[in-house]
Amino acid sequence: MKEFVAYIVKNLVDNPDKVKIKEVGGTQTLIIELSVEKSDIGKIIGKRGKTINAIRTLLMSVASRNGLRVNLEILEEDSKEGKEEKAEETAAVEADSE
């Protein structure tokens with residue numbers, strides 16, 4: 001399943017090397033966590049969610065043939081640089097208020 005999602009997603013985005021896919025096995029359902037570059041999230045979701053719904057439909061079809069249930073989730077992760085910048089901004093604001 002992971003390879004199937006990777007093939008589809010990497011052909012849709014501008015930064016295929018930044019695509020990260022993680023499978024989390026549950027008791028009855030397989031959860032696939034998808035992480036892409038922030039600028040590529042819109043390409044994966046599509047207008048009104050049509051693209052992500054199409055990917056999920058294909059994935060459910062493949063999973064049902066194998067007797068599985070699957071759920072695709074898109075993760076939005078903050079970069080380390082963004083976290084550092086926010087921490088610096090917070091420190092600057094706190095210093096100004098003293």
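How many residues does the largest nonpolar core have, and which of them have the most contacts inside it?

I began by noting that this is a predicted model, in which local features need pLDDT of at least 70, side-chain atom pairs count only at pLDDT 80 or more, and totals for chains, interfaces and linings use all residues. Residues are numbered from 1 along each chain as its sequence is written, and side-chain values use heavy atoms, with hydrogens and water left out.

**Core.** I found 20 residues in the largest nonpolar core, and V9, I32, L34, V36 and L72 have the most contacts inside it. Such a core is a set of buried Ala, Val, Leu, Ile, Met, Phe, Trp, Tyr and Cys residues joined through side-chain atoms within 4.5 Å. Two or more residues each come from α1 (2–10), β2 (29–35), α2 (41–45), α3 (50–65) and β3 (69–75). Helices (H or I, at least four residues) and strands (E, at least two) are DSSP runs, numbered from the N terminus.

I then looked up V9. Leaving aside residues up to four places away in sequence, V9 touches V19, L34, V36 and I44 (contact: heavy atoms within 4.5 Å).

**Salt bridges.** I searched the whole structure and got 2 salt bridges (a side-chain nitrogen of Lys or Arg within 4 Å of a carboxyl oxygen of Asp or Glu). D14 and K43 form one, at 2.3 Å, N to O. D14 is in the loop between α1 and β1 (20–25) and K43 in helix α2, so this pair ties together parts 29 residues apart in sequence.

D40 also forms a salt bridge with K43, with the closest N and O atoms 3.7 Å apart. Shared partners join D14, D40 and K43 into one network.

**Exposure.** I checked relative accessible area, where buried is under 20%, exposed over 50% and partly exposed in between (1.4 Å probe, protein chains only). D14 is exposed at 54%, K43 is partly exposed at 34%, and D40 is buried at 0%.
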